[in-house]
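Visitor: I've got a model up on the screen and a few things to ask. Can you walk me through it?

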Amino acid sequence: IGYHPDRFCRVDDLRTCDDMMASNEIRKHSLLIAGHQTSVTVEDAFWDAFKDIARARSMTLNSLATEIDTARGDATGNLSSAIRVHVLKNALSSTP
């Protein structure tokens with residue numbers, strides 16, 4: 001995750017920040033949480049960052065989603081929103 005003057009985004013050798021921001025389609029993704037199939041609908045940029053976080057922590061996507069779901073407890077909102085917030089918090093904590 002890197003910092004761009006107007007926004008946070010992942011920057012690596014394959015994609016530029018502008019390419020990342022252009023990838024804003026919303027897609028549905030299936031996950032298995034506590035033995036139950038569920039789906040989340042998030043923008044490609046958030047899903048890519050979510051996958052990067054899981055990879056960096058040597059976790060499966062299902063494991064990271066379960067951790068996020070457990071941490072939110074009885075909070076209102078849905079898992080899709082909780083994943084976006086998790087990605088944002090991760091991006092903010094890793095910038096100078």
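Guide: Let's start with a term we'll need: rings of Phe, Tyr and Trp (its six-membered ring) count as a pair if their centres lie within 6.5 Å. And keep in mind that this is a predicted model.

Visitor: How many helices and strands does the protein chain have, and in what pattern do they come?
Guide: The chain has four helices and four strands. Reading along the sequence, the order is β-β-α-β-β-α-α-α.

Visitor: What percentage of the residues of the protein chain count as buried?
Guide: A residue has to be under 20% relative accessible area to count as buried. The chain has 96 residues, and the share that passes is 32%.

Visitor: Which element gives the largest share of the largest nonpolar core?
Guide: That core has 16 residues, and Phe50, Ile68, Leu79 and Ile83 touch the most other members. Strands S3 (26-33) and S4 (36-43) each give two or more residues, and so do helices H2 (44-56), H3 (61-72) and H4 (79-93). The largest share is five residues, and it comes from H2.

Visitor: Which residues does Ile83 touch, leaving out those up to four places away in sequence?
Guide: Ile83 is one of the buried residues of H4, along with Leu79, Ser80, Ala82, Val87 and Ala91. Contact here means heavy atoms within 4.5 Å. With sequence neighbours up to four places away set aside, the partners of Ile83 are Leu31, Val40, Phe50 and Ile68.

Visitor: Which residue caps the N-terminal end of H4?
Guide: H4 has 15 residues and reaches 21 Å from first C-alpha to last, close to the 21 Å expected. At its N-terminal end, a side-chain oxygen lies 3.1 Å from the backbone nitrogen of Ser80. That oxygen belongs to the capping residue, Asn78.

Visitor: Back to those rings: how many aromatic pairs are there, and is the pairing of Trp47 and Phe50 stacked, edge-to-face or tilted?
Guide: There is one aromatic pair in the structure. Planes under 30 degrees apart would be stacked and over 60 edge-to-face, with the rest tilted. The ring centres of Trp47 and Phe50 are 5.2 Å apart and their planes sit at 40 degrees, so the pair is tilted.

Visitor: How far apart along helix H2 are Trp47 and Phe50, in helical turns?
Guide: Both residues are buried, Trp47 as well as Phe50. An α-helix has 3.6 residues a turn, so residues three or four places apart point the same way. Trp47 and Phe50 are three residues apart in H2, which means a separation of about one helical turn.

Notes: Residues are numbered from 1 along each chain as its sequence is written. This is a predicted model: local features need pLDDT of at least 70, side-chain atom pairs count only at pLDDT 80 or more; totals for chains, interfaces and linings use all residues. Side-chain values use heavy atoms; hydrogens and water are left out. Buried means under 20% relative accessible area, exposed over 50%, partly exposed in between (1.4 Å probe, protein chains only). A nonpolar core is a set of buried Ala, Val, Leu, Ile, Met, Phe, Trp, Tyr and Cys residues joined through side-chain atoms within 4.5 Å. The expected span of a helix is 1.5 Å times one less than its number of residues. A polar contact is a pair of N or O atoms within 3.5 Å; within protein, one must be able to donate a hydrogen and the other to accept it, and residues adjacent in sequence count only if both atoms are side-chain atoms.
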